[in-house]
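Hi everyone, thanks for coming along. Let's take a short walk through this structure together, and please have the sequence and the picture open as we go.

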Amino acid sequence: MADFDDASQKFLAWLQQSGAEISPKIKLEDLRHAQAGRGVIATQDIAEHEVLFRIPRSAILSVENSVLSNEIPAATFEMLGPWLSLILVMLYEYLNGDVSNWAPYFSVLPSEFNTLMFWSDDELAELQASAVVHKIGKESANEMFLEQLLPVIKEFAETFFAGDERAKQRAEEMRDERNVKLMHQMGSLIMAYAFDVEPAVTKKDVDEEGFAEEDEDEALPKGMVPLADMLNADADRNNARLFYEAQYLDMKALKPIRAGEEIFNDYGPLPRSDLLRRYGYITDNYTQYDVAEIPMDLVTDLATTAGILSESRLEYLDEHEILDSGYDITASSPFTLQESLSPELIILVETLLLSDEEFDRLKGKGKLPKPERMTSKGTEFVHKIVQTRIAQYATTLDEDVHTSKDEVPTLGEYSSSARRHAMAKAVRVGEKTLLGHAEELLAEMVTRDGGGSKRQREVDEDGDVEMGGTGKKQRA
């Protein structure tokens, strides 16, 4: 406890010496008893829009602020991209120990992680057929580290390990298991804590209404913002937000905050599977964002079995950006297919079910099936897809719910297998619940349509076939 609090106080002292301004109305609190590490608490009532703390841009742990940016060519960082560039800089600063300007900051960052990247195979197996298992990316990260990051460290070994006569040997040793694990730790810190830092002077081209292109937004440099990343996140109780100013980053209250209340940031509408993948925990109030994914491979496998798979139609759909690695069934309240079922999945299915004449007519006009309502055949096929997806899970929803009654995912040691198993079960229960809702409503539609007798497709004013769909918003 003493070491934990001492590290917090040294970190805050360093931050203020670095030019940060911290309101006397907040404090950094030990929340380990609630499995929340450090958090920020209001010590006095705080008004809406009040500045909680102000971090100078010079205190951000970023490529721009590290001395490494003056020693390695800018072209090298551009080649690595924002993600690997920040990992490189964080490795450099971390390995420099107390010599690094950010040493007090590293002392309060976690060294133990509960994210899926660090789960055992047995623990990951508890997620069963959840699509999140295939999004962990540990193998691809290893490949990037060894094929992209390590060559840069070796090329600039004398700079990276300045003053060490074993510099070249140490660079070679970076491929050792413990150092690759360190790279994963830096990557996990970035995933959990880094911000996309808007530049003080924008270089983005904007349109007439002042909006930047999306691909330019994705290229924003990443940075670790001390203290801002100490805020825990909550979908319902979010009461603060980071604002970007010319010289500072300001954390401001979004609403009045009473003394004793915790100050929360927000991760956005993440399903609990992604919350677990990126941050290593789940919470019930993110259930509203849960997603069950239908893998594209499942659709193509069933289409092949049904004899309706067509490469030419898939190519046409790909040209119109309909093809994806998976299609979401999202949460809605009350649950409806109109709100929850991916319209792209409906378009895909209905396109594959078209007769050659119908498809040629649509393709000739450069059009797609209209996602307004499904045909009977489309409903049957989507129903089959959902049923098959449910069967991919090793246990049923009833079995999971029956064995989960007395379990609370947040109990137990931070990285205990029991806690991880409970969190994995909560994730798969959420996914199976959505799939179950969809299966039930689709079954009702199949029955209502006469068990699969094909409903006549309507033709619009242009002579094009009306397809079915749901009117759901685009997949996030």
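Which residues of α17 are buried? Before I answer, one thing to keep in mind: what you see is a predicted model. Now, the buried residues of helix α17 are Ser 376, Gly 378, Thr 379, Phe 381, Val 382, His 383, Ile 385, Val 386 and Arg 389. The helix itself runs over residues 376–391, which makes 16 residues. From first C-alpha to last, α17 reaches 23 Å, close to the 22 Å expected at 1.5 Å a residue.

Let's move on to a sheet. There is an open sheet with 4 strands, and its order is β1-β4-β9-β8, with antiparallel pairing. Which strands sit at the edges? Those are β1 (21–22) and β8 (240–244), and each of them pairs on one side only. Strand β8 is joined to β9 (residues 248–253) by 5 bridges, and the two run antiparallel.

Next, some backbone details. Most residues other than glycine have a negative phi, and most peptide bonds are trans. So where do we find exceptions here? Leu 227 is one of them: its phi is positive, about 75°, although it is not a glycine. You will find Leu 227 in the loop between β6 (222–223) and β7 (232–233). Glu 321 also has a positive phi, near 60°, and it lies in the loop between α13 (311–319) and β12.

Are these two residues buried or exposed? Leu 227 has a relative accessible area of 2%, so it counts as buried. Glu 321 has a relative accessible area of 70%, so it counts as exposed.

For the peptide bonds, look at the step from Ser 333 to Pro 334: this bond is cis, with omega near -5°. Pro 334 is found in the loop between β12 and α14 (337–340).

Now for the aromatic rings. A pair of aromatic rings is described by the distance of the centres and the angle of the planes. How many aromatic pairs does a search of the whole structure find? The search finds 10. One of them is Phe 11 with Tyr 105: the ring centres are 6.0 Å apart and the planes are at 25°, so this pair is stacked. The pair links distant parts of the chain, because Phe 11 is in helix α1 (residues 2–17) and Tyr 105 is in helix α4 (residues 103–106), 94 residues apart. Both of these residues are buried, and together with Trp 14 they form one aromatic cluster.

Then take Phe 160 and Phe 161. Why is this pair called edge-to-face? Their centres are 5.1 Å apart and their planes are at 75°, so the pair falls into that class. Phe 160 and Phe 161 are both buried.

Last stop: the ring of Phe 4. The charged end of Arg 32 sits over this ring, 3.8 Å from its centre. Arg 38 lies over the face of Phe 4 as well, at 3.8 Å from the ring centre.

Definitions and conventions:
Residues numbered from 1 in each chain as written. Predicted model: local features only at pLDDT ≥ 70, side-chain atom pairs only at ≥ 80, totals over all residues. Heavy atoms only, no water. Expected span 1.5 Å × (residues − 1). Buried < 20%, exposed > 50% of the residue type's maximum accessible area, 1.4 Å probe, protein only. Pairing = 2+ DSSP bridges. Phe/Tyr/Trp six-rings, centres within 6.5 Å; stacked < 30°, edge-to-face > 60°. Lys NZ or Arg CZ within 6 Å of the ring centre and 35° of its normal.
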